[in-house]
There are 2 protein chains.
Amino acid sequence: MNVVALDAMGGDFGPPITVEAAVMAVADGIDVILVGDEDILGAELHRWGDGAMRLRVVHAADAVAMDAPGTDARRDRGGTSLRVAAELVKRGEAQAMVSMGNTGAAMTTALAVLGRLPSVERPALGVVLPGAPAGILLLDAGANAEVRSSHLVQFAHLAAAYMKAVQRVPVPRVALLSIGEEPSKGSSIVVQAHRVLAEDEALQFIGNLEGRDLLSGKADVVVTDGFTGNVAVKLVEGLTELLFGQIRQAVIDSLDASAVEALLPALAPIAAQFHAEHYGAVPLLGVDGCVFVGHGRSDAPTVVKAIRVAHEACERGMLAALTASLRSVPGQPLG
Amino acid sequence: MNVVALDAMGGDFGPPITVEAAVMAVADGIDVILVGDEDILGAELHRWGDGAMRLRVVHAADAVAMDAPGTDARRDRGGTSLRVAAELVKRGEAQAMVSMGNTGAAMTTALAVLGRLPSVERPALGVVLPGAPAGILLLDAGANAEVRSSHLVQFAHLAAAYMKAVQRVPVPRVALLSIGEEPSKGSSIVVQAHRVLAEDEALQFIGNLEGRDLLSGKADVVVTDGFTGNVAVKLVEGLTELLFGQIRQAVIDSLDASAVEALLPALAPIAAQFHAEHYGAVPLLGVDGCVFVGHGRSDAPTVVKAIRVAHEACERGMLAALTASLRSVPGQPLG
């Protein structure tokens with residue numbers, strides 16, 4: 001039975017939302033441990049009736065502020081809910097942890113408590129984008145502003161193993177984000193990573209992918225540095241919001257009320273697929289544990305989705321798959 | 001009188017489109033020199049009647065293939081239309097040049113023939129994005145896959161001077177694309193450029209901008225390396241196409257024919273603002289000449305727009321403004 005430790009103090013809305021989500025997830029048959037201030041959590045649980053009071057709480061005196069830098073987490077030697085959740089995973093009392101928001105602190109804490117998988121120099125943040133049936137996994141979406149080519153090669157293996165084991169894509173197509181399809185295009189780091197990946201028989205490497213094809217579905221995995229990846233992911237969010245604002249206005253200005261009413265519900269899911277919350281939570285790949293981070297502004301159903309995503313990743317053997325795939329990564333850093 | 005040299009062999013469709021565009025631009029009162037194979041251009045001009053036959057043609061025996069790498073252009077010592085057009089600018093017979101497509105070759109040729117402006121280490125490609133009344137100038141959009149912080153600082157000055165002189169933004173707000181708004185966020189190159197720009201009194205530097213705010217209109221100029229910039233620009237194109245494909249289908253599926261007919265024309269300009277052709281042509285900033293590059297797939301009205309953009313930039317004193325602004329750039333490369 002896989003247990004999910006939920007950082008109940010995380011997220012923009014904190015315990016009122018995380019506790020509601022935990023109650024819902026437990027009702028769905030997922031075993032959740034709430035981690036946070038036991039008085040606050042107890043009071044929240046009380047609102048959900050006697051059944052909810054049986055939900056397990058592990059106390060943590062502190063919480064990481066949503067806007068605290070990752071470096072603060074590094075100084076945290078003890079009592080934050082994030083750290084206590086990671087320690088539950090470390091001790092095997094939970095098999096996965098979920099925190100909503102403050103990705104930097106989650107990464108730092110997970111890394112400090114759980115360590116890295118063998119052969120991984122730098123863990124990275126995966127983000128699932130729409131465009132392919134099982135989604136497109138972009139890695140790194142922001143954990144590493146600077147990378148070496150060896151990191152990109154490791155990202156490729158981590159991401160492909162994740163898509164295979166968790167999203168059940170039999171042979172994930174792996175691409176390298178660049179500024180031209182030719183192997184010679186891009187920064188020297190990208191060109192070098194291309195050279196290594198092109199000879200990597202453990203991967204289905206399809207070459208470079210340009211920005212315009214990121215969401216085209218040509219690749220299941222898109223590998224990039226955390227700077228470019230973060231800009232891309234946030235640009236997708238920003239552009240989608242901007243466009244739908246303009247489109248909504250054009251719809252209202254051009255159509256009568258009944259036509260507006262017929263159309264807007266059909267447009268909503270097109271916009272929703274690009275919301276950061278759409279996938280519930282995204283994995284930190286390369287740490288030695290199933291660690292998922294969701295968007296701070298998530299509502300309770302989204303936190304439930306986050307818990308479910310983390311639980312499913314455990315059930316599908318995420319860590320064992322990642323570990324196995326890393327055995328075929330060239331051992332030496334490549335510069 | 002500012003004269004525009006048009007690389008008439010450029011673009012996906014070549015002389016049939018470029019000659020038509022030149023004829024239209026001349027009718028608008030812009031002086032254009034067509035550069036390319038004189039037999040082919042003569043035959044095209046013939047189709048537009050006697051008036052068109054007075055349009056000046058400068059012969060160039062060769063053309064750069066649309067897919068030729070920039071390095072081929074470096075070996076070109078003579079006869080391509082691109083090179084002949086640049087030489088017309090060098091000799092002062094034209095004040096601007098325009099080529100549709102093959103940005104790499106245009107950059108290489110312009111640089112070889114015209115050289116750089118003082119204090120510029122690396123010329124860069126500007127792309128105008130929607131989001132502010134005069135557009136948002138993103139620099140670099142792909143000329144330099146790797147940069148130093150000193151390059152970013154120079155890009156900031158070039159781009160701000162362009163927006164001020166050509167787009168008449170009185171005090172352009174300059175931002176640095178990064179993965180967090182804090183000065184400490186981003187790669188070490190971005191962090192270092194931030195430090196320099198924050199103390200640069202010649203610029204209205206507003207700090208870092210995240211991907212989600214690239215098109216928000218918070219900045220008139222967004223500075224980045226050519227890798228990130230190229231990925232971002234192409235992602236905007238790709239995502240817009242993807243979204244409008246899905247939206248069009250939802251509109252057709254949800255509305256009756258008359259409502260569809262009422263709505264689609266209102267949506268078209270929303271999509272069009274994100275097309276690469278929307279601004280006609282974009283500037284190569286930092287070369288010692290007014291050099292503009294348009295999209296290869298442009299039709300004749302778009303090539304006219306490209307000619308007009310280049311002509312207007314000359315009229316508004318683009319080069320003098322760039323040169324003046326570069327005087328306030330810190331002189332030493334910053335690493």
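Student: What makes a residue pair between chain B and chain A count as a polar contact, and how many are there?

Tutor: A polar contact is a pair of N or O atoms within 3.5 Å; within protein, one must be able to donate a hydrogen and the other to accept it, and residues adjacent in sequence count only if both atoms are side-chain atoms. Between chain B and chain A the count is 12 residue pairs, both at pLDDT 80 or more. A word on the ground rules: this is a predicted model, where local features need pLDDT of at least 70 and side-chain atom pairs count only at pLDDT 80 or more, while totals for chains, interfaces and linings use all residues. Residues are numbered from 1 along each chain as its sequence is written, chains are lettered from A and ligands numbered from 1 in the order in which they are written, and side-chain values use heavy atoms, with hydrogens and water left out.

Student: What makes up the area buried between the chains?

Tutor: Buried area is the accessible area (1.4 Å probe) that two parts lose on being put together, summed over both. Here that comes to about 4100 Å², and carbon and sulfur atoms give 73% of it. Ile179(B), Arg212(B) and Phe227(B) supply 18% of what chain B buries against chain A, more than any other three residues.

Student: Why is Glu241(B) with Arg212(A) called a salt bridge?

Tutor: The rule asks for a side-chain nitrogen of Lys or Arg within 4 Å of a carboxyl oxygen of Asp or Glu. The closest N and O atoms of this pair are 3.0 Å apart, so the pair passes. It crosses between chains, from helix 9 (residues 226–254) of chain B to the loop between strand 8 (204–209) and strand 9 (221–223) of chain A. Glu237(B) also bridges to Arg212(A), at 2.9 Å from N to O. Together with Arg297(B), Arg212(A), Glu237(B) and Glu241(B) are linked in a network of salt bridges.

Student: Are Arg212(A) and Glu241(B) buried, partly exposed or exposed?

Tutor: Buried means under 20% relative accessible area, exposed over 50%, and partly exposed in between (1.4 Å probe, protein chains only). Arg212(A) has 27%, so that residue is partly exposed. Glu241(B) has 42%, so the label is again partly exposed.

Student: And what label does Arg91(B) get?

Tutor: Exposed, because its relative accessibility is 53%. Arg91(B) forms a salt bridge with Glu93(B), the closest N and O atoms being 2.7 Å apart.

Student: How do you know how chain B and chain A are related?

Tutor: Superpose them by least squares on the C-alpha atoms of residues with pLDDT of at least 70 in both. A rotation of 180° with 0.0 Å of shift along its axis puts chain B on chain A, at an RMSD of 0.0 Å. The copies are therefore related as by a two-fold rotation axis.

Student: Which residue of chain B comes closest to the rotation axis?

Tutor: Thr228(B), with its C-alpha at 2.7 Å.

Technical notes
Helix = DSSP H or I, 4+ residues; strand = E, 2+ residues; numbered from the N terminus.
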